[in-house]
Amino acid sequence: MTESEPCQAIATLTLNPAVDIAYEVPHLIPDQKSLALTTRYDPGGNGVNVARALKELLVCAHSCCIVAGNIGDLLQKLLQHQLDSPHCVRVEGETRVNATILQGDPPAQFEVTGIGPLVSELALSTVKASFLELCKGGYAVLTGSVPPGVPDHIYGDMVDQVQADNGKAIVDAHGALLQMALPHQPYLIKPNRYELSVLRQRELPTLEDVAQEARTIQREGVQYVCISLGGDGALLVGPDGSYLAKAPAIAVKSTVGAGDSMVAGLVAALARQQSPAEALRLAVACGSGTAARPGTEIFTHSLVVDLLQQVNVKVLDI
């Protein structure tokens, strides 16, 4: 991870990007103004965050997204500095703004998520065509919410198109978006423990329960199933085995973007043809690195290099 390495084509799709604003405040008081100690602006949206993380890992990736209005102008300016290869399609309306408020006393994190502009069929077709061309034969990251006008079966449809061109589709979504994508058998999915519980419609009180459900999904046609476990690390189930990686001990400052950073670690390692165990190790280091950063900041390359030495991966008999 000391220099950029050649790998397969990688593209991320962000249909509902945002400008993420993070405020640090001493304490929120109802019906009163709270003066921020710090304010930070970052390009946001899950696919954008994955692309930001890939850049920090020295892995080149294209990033396709939809922008609108004055907030979209600001988003594009921010993207120029934090992504290698942004590709934006403009629509009417206004790009959403997401806010994260980090309270000092008592420690708490609050998040408010915007809606996003209405997306026409023409704009959707344009961004899809660009994305499919850029990820052809490589890795296609389909992640995040969709704006008004975009159907929930969008990711499932795109999995078929990606894989028809010999690509590998990664889906990191929840609810109907993930439920409708599963029958199309994406290459990899990465729900968290709660999202897996909702998907399988059952409680998952033990690690064995989580692993068994992940294995069931893998046997139904998804090649790799990665379940993020928060501070407990993550589980990866694939055709060649099951692996558990414990998260390193860190002081969590913000969880925004931690899951996206995990996806970036998985994609970076797999694109470099590293083993599934090493992919999981890198994913957990990336997720932990972002959780250790305040607000909407993501990990740094040097931080991940340090954390990698603290992540242990063990083989599970599942």
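Let's begin with the second largest pocket, which has a volume of about 210 Å³. A pocket here is an open set of points on a 1 Å grid over the protein atoms alone, where a 1.4 Å probe fits, with protein on both sides within 12 Å along at least five of seven lines; lining residues have an atom within 4 Å of a point. The volume is the space filled by probe spheres set on the points, which are joined across faces, edges and corners. This is a predicted model, with local features needing pLDDT of at least 70, side-chain atom pairs counting only at pLDDT 80 or more, and totals for chains, interfaces and linings using all residues. Residues are numbered from 1 along each chain as its sequence is written, and side-chain values use heavy atoms, without hydrogens and water.

Select Leu 102, Gln 103, Ala 108, Val 252 and Lys 253: of the 15 lining residues, these lie nearest the centre of the second largest pocket. Its lining divides into eight nonpolar, five polar and two charged residues.

Next, go to the largest pocket, with about 1100 Å³ of space. Select Asn 46, Thr 255, Gly 257, Ala 258 and Gly 259, which lie nearest its centre among 45 lining residues.

Finally, show residues 121-134 (helix α3) and 154-164 (helix α4), whose axes lie 11 Å apart at an angle of about 35°. Axes are lines fitted to C-alpha atoms over the stretch in contact, and angles run from 0 to 180 degrees between N-to-C directions. Helices are DSSP runs (H or I, at least four residues), numbered from the N terminus.

Terms used: Nonpolar A, V, L, I, M, F, W, Y, C, P; charged D, E, K, R; others polar. Helix = DSSP H or I, 4+ residues; strand = E, 2+ residues; numbered from the N terminus.
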